[in-house]
Amino acid sequence: MSIIIPGDQLPVDETTLNSKKLTVGPSIYVDPLLDNQMTISNAGIFTHKEKKTKQLITVESSSKNYIPAVGDLIVGTVLGGFGEFFKVSLSNYKPPAILSYMAFENATKKNRPNLKTGSLVYARISAYDPNIDVELECFNPTTGKAEGFGELTGGTVVEVDLGFARYLMFNENNPVLEHLSKKCQFEIAIGVNGKVWIKGGDLVTTLACCQYIEQAQRLASGELEQLLKKLWKQHNI
Amino acid sequence: MELDAKIGVLNNAGGSSEVSLNGIKVVCGINGPMEARPRQELPTTCYLEVIIRPAIGNPTVREKYMEDKIKNFLNSVIIGNLYPRQVIQVNLQILEKKNNNSSYTSDSDESAATEDVLLELNCCINSAFLALVDANISIYKAFNSNIFTYTHKGSLVKDGLSEAKSRHLVVYGIKNNKVDELLYGENVGRFSEKKLFMALERGEKESMILHSKLKELSVESVKQKFVYLS
């Protein structure tokens, strides 16, 4: 694991970077004023992946502050409606995103989705520009099907660090959820905005799952089993 | 005096740090980028809000002066165009200030207060760097601050507390593992141009030493954040 912070040099030398087509990921700032010089702008784990004709450099950094990007799957809270849109909050103290009434499965002018203030939705970010409102959608626009998006009923939301949320989402066989799935049944929706919605069979299981996810982000994978045992004992499940 | 620091001390802040240096202890919390009030909004860049709370009593013009200084140079360090029309709040609370019974004895004896400002700025700047890294806010370069003193005998020491003829606060930016540029300097007392340049030169060396220490701390905090990968 190579960790770098701002002020460091890129761990890859220039000739390697120039040899193949390069894609630069987040946390590396390409300065247009300094002849596209690359500098490390955030602290995190550096990765360099190479394929036959292309290569990728990224810095994976964790924070508590979500900045939207197109295609991100998020868990949001409905704050209300105006005109033909719902206002959806992605994170606190940030301008809300908008979700059109039409961006649902089977929605028409007459058949409007019924979301109340405070309800949760699982959605995809369909448009993002820092200068205008973020736009969301709750269906796949090519097929018109919901495909798992839409309102989340029951369950509860845990807030985790963004790095941990991405880890849960993009590592299908991550030990955190694998251990949990051996213990109980649950439904989960992971938002890369650091909100994880989880629903167990009953209220106590949901609570235990919730505490498990929250505490798992501060533990090494070896300690997960012990945590599960402790929580399940604590809740008498 | 040696720097002593912790990262991530406040749970509800986006990033935070606690630094004690030269008998002064500062806790820094950074929030943002978040939605700006209409009068703060800048169309192409982020608005920086720096708030300093003194150890005792309410903020005065003295704190406002420090806020301004910190804000000015942080503006050149933070990559503002990544956060247009947003606000980043830097809160600095001075927790502890040991009374160093006014070691400043120049002929003009301007005031011990100005000299205190240097000590506090020094601590605040280092703590702001650690908190910015913790908050994951994009910055062009790393930076740190050192304080140097010319004693009455004329020797230059890296110290903020001993009796002094003049004191120099030096903040360097660090990029690609090298000292990049002088970001900010503040001087109190009576000194010649040559002496100032000598202090700046010394600052370059010391700033790399301090940087390696701050780096160690930051790397450790990143490891803590990604503990679930182990």
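This is a predicted model: local features need pLDDT of at least 70, side-chain atom pairs count only at pLDDT 80 or more; totals for chains, interfaces and linings use all residues.
Q: Which residues of helix α5 (residues 224–234) of chain A are called buried, and by what cut-off?
A: L224(A), L227(A), L228(A), L231(A) and W232(A) are the buried residues of this helix; the term applies because buried means under 20% relative accessible area.

Q: What makes the buried residues of α5(A) line one face of the helix?
A: Viewed down the axis of α5(A), they fall within an arc of 125 degrees, so they line one face. On the other side of α5(A), the exposed residues are Q226(A), K229(A), K233(A) and Q234(A).

Q: What covers the buried residues of α5(A)?
A: The cover includes α3 (175–183) and α4 (203–216) of chain A.

Q: Why are α3(A) and α5(A) called oblique to each other?
A: Their packing angle is about 40 degrees, with the axes 10 Å apart. Angles under 35 degrees count as roughly parallel and 65 to 115 as roughly perpendicular; the two helices are therefore oblique to each other. The crossing in which α3(A) passes α5(A) is right-handed.

Definitions and conventions:
Residues are numbered from 1 along each chain as its sequence is written. Chains are lettered from A and ligands numbered from 1 in the order in which they are written. Side-chain values use heavy atoms; hydrogens and water are left out. Buried means under 20% relative accessible area, exposed over 50%, partly exposed in between (1.4 Å probe, protein chains only). Helices (H or I, at least four residues) and strands (E, at least two) are DSSP runs, numbered from the N terminus. The arc is that of the directions from the helix axis to the C-beta atoms. Contact means heavy atoms within 4.5 Å. Axes are lines fitted to C-alpha atoms, for helices over the stretch in contact, and angles run from 0 to 180 degrees between N-to-C directions. Angles under 35 degrees count as roughly parallel, over 145 as roughly antiparallel, 65 to 115 as roughly perpendicular and the rest as oblique. A crossing is left-handed if the near helix is turned anticlockwise from the far one by less than a right angle, and right-handed if clockwise.
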